[in-house]
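Biologist: I would like to learn how to read a model like this one. Where do we begin?

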Amino acid sequence: MTGTGNVVTPLPFPTAARRELGDQQLRHNLRKATHTIRDKRLRVVGEVSDWEQLRVAGAAIKDDVLARLPDLLEQFEAAATAAGATVHWARDAGEACAVVAGLVRATGTAEVVKVKSMATQEIGLNEALEAVGIQAVETDLAELIVQLADDTPSHILVPAIHYNRSQIRDIFASRMLGVDASSLTDDPPALAEAARRHLRSRFLSTKVGISGANFAIASSGTLAVVESEGNGRMCLTLPETLISVVGIEKLLPSFADLEVFLQLLPRSSTGERMNPYTSLWTGVTPGDGPQTVHIVLVDNGRTDTLADEVGRQALRCIRCSACLNVCPVYERVGGHAYGSVYPGPIGAILSPQMSGEGANRTLPYASTLCGACFDACPVRIDIPQVLVHLRQRGVDDSRGRPSAERTAMRTMSYVMRDRRRYAAALRTARRGAAPLRLVAGRRGALRRVPWPLSAWTSVRDAPLPPKQTFREWWTREHSS
Amino acid sequence: MSTPPDARTEILRRVRAAQPAAPVDVPRDYAADDGPAGLALVDLLVDRLEDYKATVRRCAAADLPAILAASLTDVPSVALPPGVPAAWLSLYGGEIARDSGDGLTVADLDAPGVAVVTGCAVAVAQTGTLILDAGPDQGRRLLTLVPDHHVCVVRVDQIVERLPAALRRLADPTRPLTMISGPSATSDIELNRVEGVHGPRRLDVVIVA
């Protein structure tokens, strides 16, 4: 099913990137944050002697899941149902939001607490709930910052990565109800304390919690949420009703498979040996936690992605965001430039595959193909390979239409097919370039030429042809 | 005329149509077995727990009541899961609230100065992780969540080196599981770790030989 919701990019990447690059503070914040996390990740990954074996196993387990997905989905549904959960299915973002809104309305409550979840961001759940009069309170610190600032997330793991501490302090001081603005400092522990006080009473009284899941165990119907602050535990434990929105690719065949992913994920995402809290629950446990448990399985473009032989490896993704943190492009433009809730290298291959048409076609070009993302990926997604594949697909799709680039390439191919034609063309180019050598000076390159060639020189130099070719040099050197 | 298929039918049909055919072999040559348990393992666990700002004490079994009493001198009230032996707190002078019968309420647990004392199911030395599986000496999940101070007692024979061995030790993985690595923390401000958000801000671990 073609994906909808917040995976569809509203603007072409180059346009959005230019806008973001104008913000110097943003670039400073991103550079500081991504370099901090990079160093931490390298340190804790270096501690693990069998890291590469874990990566290989992680990739294979996910490929195995994709190969057996229909059976595993049915197995998961049966096991979760037997454990007391109710399983729902949703084809796209709108359907998923409608299911969740219906479930919340049935409880009669007008406020829900949320654990940070990419799936609910992807389907635009908060906006959909608001439209029917239900307020969704984000409880993850970074999500809370973004929600209070009326902004959108810019990173998979740390949606507020684009803010520094003093900007966060200002957001809290002006937008957080009941906060004492005059005494609030930008000391991180003070900001964490403010969030704790702000959310405490909500945790203890709200009747409905909404979460995603990092992993779903097919054999037992178990869900897992990996988190740091304890807001997840609050939302998963204290409400009477729990609704979890889960992408269909989140499955793992068995509980034992967690031994691989719970080693890969924390070290790759926050650069910790283990995150502070991981919760696992299986349906309903009498006397412990929510007594009404719903699970919404979401497609939203995942089956489209699965259908592409090369691109389907993107579905291995465990949303660690290591690829964002090492990406030279992400570090400079930030998450908003990608338009989708999935930014960075993984977003550049996931968003266009999930949502297909439109501005998303520009995302596979948002990369230098340096390969750092593949090295960092804990499930060995060959992101550069998929980027090139998607570029190829984009080009193939528009082969019928005329374009200046294709005309130029066709001419070039005609000229280069024949040695004499090629040599003649070079001579002509050299003669044509002769008067320009004065302008070019010693660099031998033009910095600015008039339209339409200015499209080239606006971002790079145009080198002039050399004074002689290798063949000419060779002939002269060996003629005597 | 046929009715449009429901979401479940359509998604499963689309997955079947898109699905890769070849079965996948999963190589599992990562380290799963543990080295011998011993003092080095305890040292590793202590190192990792302290690195994440937990307070660690070690004692002989006979000294546990004294160590717990010393850890709880500034604590007026202790919540206890149903299966924690009364002997553990025999030297503690404050009020003891046992979570049995109707059980403690969220308000009881949220009161200022309440600590909770529990055991654990297994501990992972390499990552400093305590795994709770809602066993009798650990109780319901909210017991170790709402109070601001958690004291966890770990027996040396519950310590394993790596996560794979720890998960294999769990009697029933469908019980509610909580893995705890240090006190509540966040990395959301400039990606630096800051301790103390919504979960217990103080985590004390007592390792009993």
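Modeller: With the terms: helices (H or I, at least four residues) and strands (E, at least two) are DSSP runs, numbered from the N terminus. This is a predicted model, in which local features need pLDDT of at least 70 and side-chain atom pairs count only at pLDDT 80 or more, while totals for chains, interfaces and linings use all residues. Residues are numbered from 1 along each chain as its sequence is written, chains are lettered from A and ligands numbered from 1 in the order in which they are written, and side-chain values use heavy atoms, with hydrogens and water left out.

Biologist: Which residues of chain A does UniProt list under "domain: LUD", and what is the helix and strand content there?

Modeller: UniProt positions are given in the numbering used here, feature names are shortened, and annotations may be inferred rather than shown by experiment. The unreviewed entry places "domain: LUD" at residues 73–298 of chain A. That span is 41% helix and 22% strand, with its end C-alpha atoms 11 Å apart. In chain B, UniProt gives "domain: LUD" (unreviewed entry) for residues 117–208, a span with 8% helix and 41% strand whose end C-alpha atoms lie 14 Å apart.

Biologist: How do I read two packed helices?

Modeller: Two packed helices are described by the angle between their axes and the distance between the axes. Axes are lines fitted to C-alpha atoms, for helices over the stretch in contact, and angles run from 0 to 180 degrees between N-to-C directions. Angles under 35 degrees count as roughly parallel, over 145 as roughly antiparallel, 65 to 115 as roughly perpendicular and the rest as oblique. In chain A, helix 9 (residues 165–175) and helix 10 (residues 188–205) pack at about 30°, with axes 10 Å apart. Helix 9 of chain A and helix 10 of chain A are therefore roughly parallel to each other.

Biologist: Which residues make the contact of helix 9 of chain A with helix 10 of chain A?

Modeller: Contact means heavy atoms within 4.5 Å. Helix 9 of chain A supplies Arg165(A), Ile168(A), Arg169(A) and Phe172(A), and helix 10 of chain A supplies Pro188(A), Leu191(A), Ala194(A) and Ala195(A).

Biologist: What is a case between the chains?

Modeller: Helix 4 (residues 69–82) of chain A packs with helix 1 (residues 7–18) of chain B at about 150°, their axes 8 Å apart. Helix 4 of chain A and helix 1 of chain B are therefore roughly antiparallel. Among the contact residues are Leu69(A) and Glu74(A) of helix 4 of chain A, and Arg8(B) and Leu12(B) of helix 1 of chain B.

Biologist: And the interface as a whole?

Modeller: The size of an interface is often given as the accessible area lost when the parts come together. Buried area here is that loss (1.4 Å probe), summed over both parts. Chain B and chain A bury about 7,200 Å² between them, 58% of it on carbon and sulfur atoms. In chain B, Glu190(B), Leu191(B) and His198(B) lose the most area to chain A, together 12% of what that side buries. In contact are 73 residues of chain B and 94 residues of chain A.

Biologist: What about backbone geometry?

Modeller: Most residues other than glycine have a negative phi, and most peptide bonds are trans. The peptide bond from Trp451(A) to Pro452(A) is cis, with omega near 5°. Pro452(A) sits in the loop between strand 11 (445–446) and helix 22 (454–457) of chain A. Leu369(A), not a glycine, has a positive phi of about 60°.

Methods: Buried area is the accessible area (1.4 Å probe) that two parts lose on being put together, summed over both.
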